[in-house]
Amino acid sequence: MDDVETRELRYFVAVAEELHFGRAAQRLGIAQPPLSRAIRLLERRMGVTLLERTSRRVHLTAPGQVLLTEARGALDAVEAAIRRTRKAARTTPHLTLALKPGGDAGLLPAILDRYAASPGAVPVDLVFSAGERAAMVRDGRADLALLHRPQNDLTGLDSDDLHTQGQVVLLPEGHRLVGRVTVSMADLDGEPMARWPESRPSVTGHPVADSNQLLHLIQIGRLIAVVPETLGEHLPAGLTSRPVPDADPVTLVLAWSQSSTSREVAAFVSAAVAT
């Protein structure tokens, strides 16, 4: 069969996510009839039915579900390749490091100083995100990211460990567990817990977008959170922390794309590991 074009994959993903040809056409900025024709042509060329259509609804078939997953990955890979190619053409190289506010265990200043003192060091831009750090490295928006294992999915990334620490639970004043010296994970059963955007699918809880939102929700008694112990330091009024000895340790890692061949990335990693 002829090669499938990225345009056709974008069209299919839009329809598969919207499950409505009109909304998908509006999202893509095209008319609905050519979009419908493009999807039918794609199905004929692939020899499978991707979408079941009725007068009332559109839904994905089993092959359509597979293509949706694979197409998203393929489009992300194409976008990443374009970003990295454009980045390679810049006359002034630089690095972009993605991190979560407060998520560097206090190591970042020393890492940046050591890297800046290394031969051939380039400027380092910092981009803060609580939910897309790994994705930013995968799609080329960032060269490196500070992530946490086991909380973050490191699929497709290489990484080096920087720092391992225990965890604490953040509690509002007046919480039933504030009087404890330490808290066990069993003590937290039934408590409303926080869930970060980059948490693994198996992690459940109240979604939080950033550290400020997390702290506010804990202050007003809406949830609690188990976090690396460095995040339990210097808390605002109304919050306290208690060690959770049986919580899994958290390892801060520096991650980069498995396909990276950048000398600047390699030099930054060396500086970080040596700090």
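Mentor: Welcome! A helix here is a DSSP run of H or I with at least four residues, and helices are numbered from the N terminus. Glu8 is found in one of them, helix H1. Keep in mind that this is a predicted model.

Trainee: Why does Glu8 count as buried?

Mentor: Buried means under 20% relative accessible area. Glu8 has 3% relative accessibility, so it counts as buried.

Trainee: What does Glu8 touch, not counting residues up to four places away in sequence?

Mentor: Asp3, Leu42 and Arg45. The side chain of Glu8 also reaches the backbone nitrogen of Glu5, at 2.9 Å.

Trainee: What is the secondary structure of the whole protein?

Mentor: There are eight helices and 12 strands. The protein has 275 residues, and 39% of them count as buried. Along its principal axes, the C-alpha trace spans about 65 × 50 × 25 Å.

Trainee: At what angle do helix H2 and helix H3 pack?

Mentor: Helix H2 (residues 21-28) and helix H3 (residues 32-46) pack at about 105°, and their axes are 9 Å apart. Angles of 65 to 115 degrees count as roughly perpendicular, so H2 is roughly perpendicular to H3.

Trainee: Which residues in H2 and H3 meet?

Mentor: From H2 come Phe21, Gly22, Ala24, Ala25 and Leu28, and from H3 come Gln32, Leu35, Ser36 and Ile39. This contact of H2 with H3 is made up of six nonpolar residues, three polar ones and no charged ones.

Trainee: Which residues touch the most other members in the largest nonpolar core?

Mentor: That core has 22 residues, and Phe12, Val15, Phe21, Leu35, Ile39, Leu51 and Leu67 touch the most other members. Two or more residues each come from helix H1 (6-18), H2, H3, strand S2 (58-60) and helix H4 (62-88). H1 gives the most, with seven residues.

Trainee: What is Val15 in contact with, leaving aside its neighbours within four places in sequence?

Mentor: His20, Phe21, Ala24, Leu35, Ile39 and Leu51. There is also a second, separate core of 19 residues, which includes Leu97, Ala105, Val265 and Ala272.

Trainee: What makes Val269 buried?

Mentor: The cut-off is under 20% relative accessible area. Val269 has a relative accessible area of 8%, so it is buried. Its place is in helix H8 (residues 263-274). Beyond its neighbours within four places in sequence, Val269 is in contact with Leu144, Asp160, Leu254 and Trp256.

Trainee: How many residues apart along the chain are Val269 and Tyr115?

Mentor: They are 154 residues apart, while their C-alpha atoms are separated by 8.7 Å. For the protein as a whole, take contacts between residues at least 6 apart in sequence: 69% of these join residues at least 24 apart.

Trainee: Why does Asp139 count as buried?

Mentor: Again, set the value against under 20%. Asp139 has 11% relative accessibility, so it counts as buried. Asp139 lies in the loop between helix H6 (133-138) and strand S5 (144-149).

Note on methods. Residues numbered from 1 in each chain as written. Predicted model: local features only at pLDDT ≥ 70, side-chain atom pairs only at ≥ 80, totals over all residues. Heavy atoms only, no water. Axes fitted to C-alpha atoms, helices over the stretch in contact; angles between N-to-C directions. Parallel < 35°, antiparallel > 145°, perpendicular 65-115°, else oblique. Contact = heavy atoms within 4.5 Å. Nonpolar A, V, L, I, M, F, W, Y, C, P; charged D, E, K, R; others polar. Core = buried A, V, L, I, M, F, W, Y, C linked by side-chain atoms within 4.5 Å. Buried < 20%, exposed > 50% of the residue type's maximum accessible area, 1.4 Å probe, protein only. Polar contact = N/O pair within 3.5 Å; in protein donor to acceptor, adjacent residues only side chain to side chain.
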